[in-house]
Amino acid sequence: MPRVLLTGANGFVGKILTQRLRDAGYHVTALSSSEPQPGHAADQQWVCDIRDADGIRQAVAQVRPSHVIHLAAVSHVPTSFQDPLGTWQTNVMGSMNLLEALRLEAPEAFVLFSSSSEVYGAAFKSGEEVDEYTRCQPLNPYAASKVAAESAFNEYFRQGLKGVIARPFNHIGAQQSPNFVTASFARQIALIEAGQQEPVLKVGNLEAKRDFLDVQDVCSAYLELLKLADSTQEYPRCMNIASGRSLKIREVLDTLLSLSQASIQVAQDPERLRPSDIPVAIGNSTALTRSTGWQPQIPLQQTLRELLDYWRQQTV
Ligand code: GDD
């Protein structure tokens, strides 16, 4: 049975991906810096901070994975402005710790690194779809740290490590932290409906446009990318995961509001505005589709409805 080591396994994507990997027949070791959560689907749990080089080496030596998916990261853009050092220690040196552990203990493993569409940064200002040939011009510490981590992965790939880099665009769904936009809006609507928040929904920049995907579609892409480990064909080292369609945050908010009977005012909260914000993000995922056949399946309307229902269940 193929053995996957999944870092960041207690995070939003990690928990969902664990179940999807098991359903697909992988043995999953969930590596996380926090104690295992009750009901986590993994076959095996391993508690170790990605910044702990010795601990990560020990984990890789014991698990001897055939596949690795590296999700562990500081992933919230505003947090990366508040704590750039912590962001780089986790996202860059954490990646280096994993890469060194693989070089020394599991050099045959296939590794999938989850980078981010944020790496394109200022290149998005063109308003055009970006593909993997678009030059990376990061606009925040999080994005810069992902470019640096990609560079580390590319160096190990050059030395013979097998694997790919994925650049997912915004992915959303139940269980995501309300630090992120759709979860924040859905949670506030649920709180207002339950009478636990005054009927004023706080928002940041509603003019930004994002390319949203359901988290399950992103997990499907990761599963397809893992299959490249056994491919005899050439495939690109780096691939976008995108829907190819960009929506204004205001439109997403309107859809969520239309799913509620409550009368809700919208108010801008200056705290939610950012020093720099990408105005339009839209991605081309032709390379991924060509290499794996992946296509997004879940309509955004369905994702938003399920998200709001999730937050309604959380607030009763
Ligand atoms: N978080 C948040 N909260 N964002 C808001 C709000 C709000 O109340 N109101 C408007 N926004 C705007 C932000 O300014 C941004 O333009 C957009 O909504 C999306 O914000 P986030 O959900 O925080 O995501 P992100 O685009 O900054 O980054 C996410 O996507 C990346 C992939 O493209 C994160 O998930 C990153 O980790 C990921 O790499």
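How many disulfides does the count come to by the distance rule used here? The count comes to 0 disulfides, a disulfide being a pair of cysteine sulfur atoms within 2.5 Å. The structure is a predicted model, in which local features need pLDDT of at least 70 and side-chain atom pairs count only at pLDDT 80 or more, while totals for chains, interfaces and linings use all residues. Residues are numbered from 1 along each chain as its sequence is written, and side-chain values use heavy atoms, with hydrogens and water left out.

**View 1. The cysteines Cys136 and Cys238.** The closest cysteine sulfur to that of Cys136 belongs to Cys238 and lies 7.3 Å away, which is too far for a bond. Cys238 is likewise in no disulfide. Cys136 is partly exposed because its relative accessibility is 23%, whereas Cys238, with a relative accessible area of 15%, is buried (buried means under 20% relative accessible area, exposed over 50%, and partly exposed in between, with a 1.4 Å probe and protein chains only).

**View 2. The two domains of the chain.** The chain is divided into domain 1 (3–172 + 213–244 + 285–292) and domain 2 (181–208 + 246–281 + 300–314), with bounds that come from an automatic or database domain assignment. Their C-alpha centres are 28 Å apart, and the contact between them takes 13 residues from domain 1 and 12 residues from domain 2, contact meaning heavy atoms within 4.5 Å.

**View 3. The shell around the ligand.** Both domain 1 and domain 2 give residues to this shell, so the ligand lies between them. Of the 22 residues around the ligand, those that come nearest are Ser75, Ser116, Ser117, Tyr142 and Arg274, where a residue counts as near if one of its heavy atoms lies within 4 Å.

Definitions and conventions
Nonpolar A, V, L, I, M, F, W, Y, C, P; charged D, E, K, R; others polar.
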